[in-house]
Amino acid sequence: MIRFLLPFITYLVFISESTIMQVFTPQHLDNETILIPRFVVVIVCFIAMYISPIRGLIYGIAFGLLYDVIFTDLLGVYMFSMGLTAYVTTFIARYFHGNIFVTLFIMLIGLSTFEFLIYGLYSLIGVANVMVETFIYQRYLPTLILNGVFVVLVYYPLRKWLLDIAMELQEK
């Protein structure tokens, strides 16, 4: 059952990013900031930190490919970035004690890695032609704040649930 519940919940979070969050974005208010929910990246990083790095990497690659297929014309950018982000956050989390503040800091590093990887790869191939300052102030910082609030809101229930899953997987 757990084998199917975790991917299903992650998929529901993926769907909610693209549907529900469109109602709450400030683009409707003639504001120049862009809020991008990266809730799946947060979930994948939590999976990598609390269950296993390999499982987080697999989820990152799978959901990154799903992002690529549905939202972009290029295959591999999100897949590579999400997988690498899961690996980076797991690598950093190994060396620190995991309380909410440390986890928030690690997640912000992971989200920063993800956002700059996407921006860098799209700039490299010529898809993104936005200046770095514009990217940072209009997209990166608002996105980081939104996802940081999400990390704080889901930290305790998600951490407990993932630790329970990790314990059940170890018993098998």
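Modeller: Happy to! The largest nonpolar core has 45 residues, and those with the most contacts inside it are Val40, Phe46, Met82 and Leu162. By nonpolar core I mean a set of buried Ala, Val, Leu, Ile, Met, Phe, Trp, Tyr and Cys residues joined through side-chain atoms within 4.5 Å. Buried stands for under 20% relative accessible area, exposed for over 50%, and partly exposed for values in between, with a 1.4 Å probe and protein chains only. Two or more residues of this core come from each of helix H1 (2-18), helix H3 (39-50), helix H4 (53-71), H5, H6 and H7. H3 gives the largest share, 12 residues. Helices here are DSSP runs (H or I, at least four residues), numbered from the N terminus.

Before going further, two notes on the basis of all this. This is a predicted model, where local features need pLDDT of at least 70 and side-chain atom pairs count only at pLDDT 80 or more, while totals for chains, interfaces and linings use all residues. Residues are numbered from 1 along each chain as its sequence is written, and side-chain values use heavy atoms, with hydrogens and water left out.

Let's zoom in on Val40. Apart from neighbours within four places in sequence, Val40 is in contact (heavy atoms within 4.5 Å) with Thr10, Val13, Phe14, Glu17, Phe63, Tyr67 and Met82. Some of these names come back among the aromatics: Phe14, Phe63 and Tyr67 are included in one aromatic cluster, together with Tyr11, Tyr59, Phe71, Tyr78, Phe114 and Tyr122.

The structure holds 19 aromatic pairs. Rings of Phe, Tyr and Trp (its six-membered ring) pair if their centres lie within 6.5 Å; planes under 30 degrees apart count as stacked, over 60 as edge-to-face and the rest as tilted. Tyr87 and Phe91 make a stacked pair, 6.5 Å centre to centre with 20 degrees between the planes. These two are four residues apart in helix H5 (residues 77-93), so about one helical turn separates them. Tyr87 is partly exposed at 47% relative accessible area, and Phe91 is partly exposed at 38%. Tyr119 and Phe135 are stacked because their ring centres are 4.3 Å apart and their planes lie at 15 degrees. That pair links distant parts of the chain, with Tyr119 in helix H6 (residues 100-124) and Phe135 in helix H7, 16 residues apart. Tyr119 is buried at 14%, as is Phe135 at 3%.

H6 and H7 are also tied by charge. Glu115 forms a salt bridge with Arg139, the closest N and O atoms being 3.5 Å apart; the term needs a side-chain nitrogen of Lys or Arg within 4 Å of a carboxyl oxygen of Asp or Glu. Glu115 lies in helix H6 and Arg139 in helix H7, so the bridge connects parts 24 residues apart in sequence. Glu115 also meets Arg38 in a salt bridge of 2.6 Å, N to O. Here the partners are 77 residues apart, Arg38 being in the loop between helix H2 (21-24) and H3. Glu115 is buried at 3% relative accessible area, Arg38 is buried at 3%, and Arg139 is partly exposed at 23%.

To finish, look along H7 itself: the helix bends by about 55 degrees at Tyr155, and Pro157 follows within four residues. The bend is the angle between axes fitted to the seven residues ending there and the seven starting there.
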